[in-house]
Amino acid sequence: MAEIISLREAVERFINDGDKVALEGFTHLIPTAASHEIIRQGKKDLHVVRMTPDLVYDLLIGAGCTRKLTFSWGGNPGVGSLHRLRDAVEKQWPNALEIDEHSHADLANSYVAGASGLPFAVLRAYAGSDLPKVNPNIKFIQCPFTGEQLAAVPSVRPDVTVIHAQKADRKGNVLLWGILGVQKEAALAAKRCIVTVEEIVDDLNAPMNACVLPTWALTAVCHVPGGAHPSYAHGYYERDNRFYQAWDPIARNRETFTAWIDEYIRGTRDFSEFQAKIAEAK
């Protein structure tokens, strides 16, 4: 059953150094506030997993929280590279980063396998691709029924999954709507799951066929309004495109990046204070 607690307490209690941690959200509902709190608390040696690493993982990597990245595509959407990710891979700053790259279809199926309690996922993929040449975790097996060659990849079973959602009720049930990525699968695949939400209500009033994560599948629910910014939360706020554009020159330089996180993340008590400080700087 999910506990309704602060994000600070959730990260302190449920994310440990060395954990495999998935922060999921596809363009929409990206758990930015949680990534900040991980940095504030100085978590380290994390094996982070995400289908589309963007600013949240650039932050975690640049802050020295990570040792390994399992992913499918990485970049600043619509802008360019993730400079802290590139620096870690190319020049081992602030520390070396092991990378484990997959396709989107592969990683999505890996989450499904993890949520199903299976050791690996099977899919029809990688014909003509060079990824299997550089990733030993992509293997091929023969179907025992048809003889067809299929790709096989390990399931993803995070120690902790973190997602952002629109609503939770006071029992800890969570409602998501709009564009979803693999949040449901990532939550069900994990040993522990932290959810930040825009609001906590008496009744979810979930429409038919909505995505509702039951309280028994979650570990902690945290009230963090605006916690997906600069991504968007459907029904609450739009994507802050200017923030993504402004991130490029900040992250491009080690000193500029370090000064930014020291002022805006390590120098603030929580995401609410971060939001106020960013608003003042505009």
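I worked from a predicted model, where local features need pLDDT of at least 70, side-chain atom pairs count only at pLDDT 80 or more, and totals for chains, interfaces and linings use all residues. I number residues from 1 along each chain as its sequence is written, and side-chain values use heavy atoms, without hydrogens and water.

I looked up the largest pocket and noted 16 lining residues, with L7, H223, V224, D270 and F271 nearest its centre. A pocket here is an open set of points on a 1 Å grid over the protein atoms alone, where a 1.4 Å probe fits, with protein on both sides within 12 Å along at least five of seven lines, and lining residues have an atom within 4 Å of a point. Among the elements that give two or more residues to this lining I noted α1 (7–14) and β13 (220–223).

For the second largest pocket I listed lining residues including D240, R242, W260 and K282, and I saw that α8 (241–252) supplies the largest share, four residues.

Turning to the backbone, I found a cis peptide bond from W93 to P94, with omega near 0°, and another cis bond from H229 to P230, with omega near 15°. Most peptide bonds are trans, and most residues other than glycine have a negative phi.

I also noted positive phi at T27, about 70°, and at L29, near 60°.
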